[in-house]
Amino acid sequence: MPIVTLTNVSKTYPSRTRDESEIVAVDDVTLSIEKGDVFGIIGYSGAGKSTLVRLINALEPATSGTITVDGVDITALKESELRKVRGGIGMIFQQFNLFASRSVKANIAYPLKLAGWSKPDIEARVAELLSFVGLADKAKAYPEQLSGGQKQRVGIARALATGPAILLADEATSALDPQTTHEVLDLLKRVNQEQGVTIVVITHEMDVIQTIATKVAVMEKGRVIEQGDVFDVFSAPQNPASQRFVGTVVKGLPSPSERAVLRDRHQGRLVTFSFRDGDSSQAQVFLDLAGAGLDFELVYGGINDIRGRAFGHLTLAIRGEDSVIDRTLADVGRRVEVTELAEEEAR
Ligand SMILES: Nc1ncnc2c1ncn2[C@@H]1O[C@H](COP(=O)(O)OP(=O)(O)O)[C@@H](O)[C@H]1O
Ligand SMILES: [Mg+2]
């Protein structure tokens, strides 16, 4: 069941100068987030990700299109009704946005106070949250005494305090080092799995999506240019921009400079074979090449794992008669994806 849907949603801002046309921050976006998803939204800076988040949590109205949250069309609601919708959505930020002058405990208690909880209930809930995020010993500390990862864990505890069904994370790990990023992502995974919270992860970092998301939408210039299961988008991205994103984190795909080095070092035609689980085995490719009497050498490769499903890329230098290579590649290409590195590109 979808918990958030966007149908033909656009958001434009008025131009800032007289000779500038209006800014289309979100352009005709349609997507559907299922209950329990960890839904990733990826794109370069300026792609419209944060604007999309502000539309989902009803901080700003869409210019056109329909947004539903938990079955309710929020584009038709009055301000007083929107407040209730916002209460069901937690949010965490790149800069954590903690109150510097309040203790960890008071930061987490803040939304509960606003919601009118009693003192004993707040005490119990804060203790529960602190233990969930692993900061039971930091209740009395102040934000400045915490590391970045600890601050974000406080941010997560605060966002979850009133028990929202949805958590929006806008670049929530972008200010953290890789090790700390993975600790925070592990915590978000637990939030999703143990508390059943639907999480929307907005990021420009592909490895964040690879680590945590189940679905992904790729944004460029306000539009969603590709969306689907993370495995599908990572193993066989269709759009050139998604291919660039995926290329930055996927193992086994040589970068342009690596391809130039391969070309210099190896004789023959350079061919990349891309495997996905369910494809015929890699061994069969080797058997086919050998069976055709071709000489080949493995020059580059890597295997990726996304939640237990594997895909990979192997690049071989193949030597032999061109017509035999062509025929064999056509054969093999019926079972796995075959990409030949163009001569001119490598030069
Ligand atoms: N309040 C605003 N007023 C005018 N333009 C805005 C506003 N918010 C965002 N934009 C513009 O909308 C585009 C998308 O911005 P944003 O959603 O912040 O992208 P992202 O989060 O992907 O970096 C950018 O061109 C940005 O300058
Ligand atoms: Mg942003």
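**Exercise 1. Is T198 buried or exposed, and what surrounds T198?**

Solution. Start with the accessibility: T198 has a relative accessibility of 1%, so T198 counts as buried. The label buried means under 20% relative accessible area, exposed means over 50%, and partly exposed lies in between, with a 1.4 Å probe and protein chains only. Helices (H or I, at least four residues) and strands (E, at least two) are DSSP runs, numbered from the N terminus. Finally, list the neighbours, leaving out residues up to four places away in sequence: T198 touches I3, I33, E34, K35, G36, D37, A165, I166, L167 and N192. A contact here means heavy atoms within 4.5 Å.

A quick word on the model before we go on. This is a predicted model, in which local features need pLDDT of at least 70 and side-chain atom pairs count only at pLDDT 80 or more, while totals for chains, interfaces and linings use all residues. Residues are numbered from 1 along each chain as its sequence is written, chains are lettered from A and ligands numbered from 1 in the order in which they are written, and side-chain values use heavy atoms, with hydrogens and water left out.

**Exercise 2. Which strands pair with strand 1, and in what sense?**

Solution. Take strand 2 (residues 23–34) to begin with: strand 1 (residues 2–13) pairs with strand 2 over eight bridges, in the antiparallel sense. Within this pairing, L6 faces L31 of strand 2. Now turn to strand 4 (residues 64–69), which is joined to strand 1 by five bridges and also runs antiparallel to strand 1. Here V4 has V69 as its bridge partner. Pairing requires that DSSP finds at least two bridges between the two strands.

**Exercise 3. Why is helix 5 largely enclosed, and what covers its buried residues?**

Solution. First check the geometry: helix 5 (residues 148–160) has 13 residues and spans 18 Å from its first C-alpha to its last, close to the 18 Å expected at 1.5 Å a residue. That expected span is 1.5 Å times one less than the number of residues. Then look at burial: 10 of the 13 residues are buried, so helix 5 is largely enclosed by the rest of the structure. Among the buried residues are G149, V154, I156 and L160. The cover includes strand 6 (89–93), helix 3 (104–114), helix 4 (119–132), strand 7 (166–170) and helix 6 (178–195).

**Exercise 4. How many helices and strands does the protein have?**

Solution. The protein has 13 helices and 14 strands.
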